Each structure stands twice: as C-alpha cells, then as structure tokens.
Amino acid sequence: MPADPPSPPGTVVFFHAHPDDEAIFTGGTMALLAAAGWRVVLVLATAGEQGETSALVGPEVPLAVRRMGETARAAECLGAQRVEFLGYHDSGVDSVGPVGGRPVGAFADAPVDEASARLAGILAEEQARALVSYDARGIYGHLDHVQVHRVGQAAAAAAAVPTVYESTVDREYLHFVETHLVVEATIATQPERAGAGLRPGLGLAAAPLGLSTVEVDCTVDVRHVLPVKRRAMAAHASQIPETSSAMRLPDADFAAVYGYEWYARRGPPGPIDGLL
C-alpha cells in the first residue's frame, strides 16, 4: 500500500489589518511556508471598505465585497488554505492622524479583549505554532495596524501560541534602496534627469517606517518567489492597479523593494526562522 502523505508540520496564522497588506508585507513568506508544507491561515481584521475606489469597482459592487474577492484570489496565489475576516470596519486612512470621523465598529476602536478573543479562537482551533502580526508601531502608524499588534499579542497569550513574529520593514535598508538603487537606476535609464534635481520617488526615506536593522530578528529573502508575490499584489486590483507605482517598477527595482520581508520575533525560533 502507498504510504500516507506526510502531515503538515503545523499551522502559521497571519493576522493583517486590511486586504492587500498580506501580499505586500508577508506574501513571499506565506508562499515559502506553504511550499514547505506548512498550513497557512490568513485572518483579516477588516474588509478594507475605506480603501481607494478605482474605476474597476462599479457602484453596484460594494468595495468590501470586491476586496474580499480579491483577497481570496491573492490567498490562493500564496497557498493560504483558510481565510477569515473578523468583521470589523476599516478605520480609514485618516486614522493615521487625529481621531475623528471613524465609522461605528471601526477596528481601531474595538475592545482589545473582544477582538483578541475572536482571533484566539482561530489560533486555538488551528493549534497554531506561530502567529504573524505587526510591530508596535503597526509598521507605519496606521491605527488599524497598531491595533493588530495589540490584538495579536493578547490573542497569542490567550491561545498559548509560543512564537509571535511581528511583521515590519527594515527602514535603513529601504532608505538605501531609495537613495541608491532606485535613483541610480533612474539616472542610468534617464541620464537627462541627473542634473535636473532628481529626488527619490518612493517616499521611503522620509516615512516613519518599521524598525532599524539591529531591531530586526528575521530577514526573509523572497526574491525567488517574487512572481507569486507580484501576482498576489496584482490580485488586489482595486488598490494596486497595473498603473500604480509598485506595479510599474522595473523587475530589478521591484525585487529591491519587495524582495525581502522582515520580522521581529517574540518567543523561541519558529517556522519563519526555518526559512532563513
């Protein structure tokens, strides 16, 4: 008789604030874990209904519905075997600044104990070996992202998940990318701009992003699964259309910006460390 297929080594749950966050910040890691046999579960706090509305979304299609469908397609690209939405409202991009005008039921205003209980139920059901959330700043300060950090930490403790990875970005590396690789590539292809006050075009250097290099525990090289990550990002066409700056980057620059994913770790080494 043929041998039974080996059981997966366990489950890793990725907890994100909005559709497309999973592809941008952790898509390569998800794809690598799935390829290595891990069960990958994606949980989203909101359906991202406060996101940008592009021409691709007609008035007859609520943006939340469109974005949930996009998430399903992206998750399939990345090898996620389960997708869950906690059902909170997107707090909107204005939540980065002063409080005001957030919808009723906004995730940023949800009681941490209530939201973490919902997530802890999924973690316990999946017997998760690790949880991926965000760093304490929420990578770039959006209040929904900061809430992901708070809720993730509480849920992991409640469900006794041993290892928590905090998705982040290495701001020193991204500063280097912006000020050297991207700009130098632009000068090489458009030499007429070299003396015309050329400035970095991605806005990375000035943004209060992520952590310093020394604070990053795990840097995952995802360049060899970049086609998968790029397809997952493109699946979120309402937010990342083909005309967006990310999708228009040349392959080399796309790899420089999106070819690595970074994590701070709480707890013992876990599944993501096995990818290093």
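Just after helix α4, A160 takes a positive phi of about 55 degrees. Helices (H or I, at least four residues) and strands (E, at least two) are DSSP runs, numbered from the N terminus. The structure is a predicted model, in which local features need pLDDT of at least 70 and side-chain atom pairs count only at pLDDT 80 or more, while totals for chains, interfaces and linings use all residues. Residues are numbered from 1 along each chain as its sequence is written, and side-chain values use heavy atoms, with hydrogens and water left out.

Helix α4 itself covers residues 143-158. Among the buried residues of α4 are D144, H145, V148 and A156, where buried means under 20% relative accessible area, exposed over 50%, and partly exposed in between (1.4 Å probe, protein chains only).

The chain as a whole contains 7 helices and 7 strands. Read along the sequence, they follow the pattern β-α-β-α-β-α-β-α-β-α-β-α-α-β. Of the 276 residues, 52% are buried. The chain exposes about 12,500 Å², and carbon and sulfur atoms supply 56% of this area; accessible areas come from the Shrake-Rupley method with a 1.4 Å probe, and for residues only the protein chains shown count as cover. Where contacts (heavy atoms within 4.5 Å) link residues at least 6 apart in sequence, 80% of them join residues at least 24 apart.

Aromatic side chains provide examples of links between separate parts of the sequence. A pair of aromatic rings is described by the distance of the centres and the angle of the planes. Rings of Phe, Tyr and Trp (its six-membered ring) pair if their centres lie within 6.5 Å; planes under 30 degrees apart count as stacked, over 60 as edge-to-face and the rest as tilted. By this rule the chain has 6 aromatic pairs. The ring centres of Y165 and Y263 are 6.1 Å apart and their planes lie at 75 degrees, so this pair is edge-to-face. Because Y165 belongs to strand β5 (residues 163-168) and Y263 to strand β7 (residues 260-266), the pair ties together parts that are 98 residues apart in sequence. Y165 and Y263 are both buried.

Y173 and W262 make a tilted pair, at 5.5 Å centre to centre and with 50 degrees between the planes. Y173 lies in helix α5 (residues 171-189) and W262 in strand β7, so parts 89 residues apart in sequence are tied together. Both Y173 and W262 are buried. Elsewhere, F15, Y88 and F107 form one aromatic cluster.

Strand β7 also holds E261, which counts as buried at 1% relative accessibility. The side chain of E261 makes a polar contact with that of T29 at 2.5 Å; a polar contact is a pair of N or O atoms within 3.5 Å, and within protein one must be able to donate a hydrogen and the other to accept it, with residues adjacent in sequence counting only if both atoms are side-chain atoms. Beyond its neighbours within four places in sequence, E261 is in contact with residues including I24, C218 and K229.

In the segment after β7 lies D273, which counts as buried at 18% relative accessibility. A polar contact of 2.5 Å joins the side chains of D273 and Y165. Leaving aside neighbours within four places in sequence, D273 is in contact with Y165, C218 and R265.

Conventions. The expected span of a helix is 1.5 Å times one less than its number of residues.
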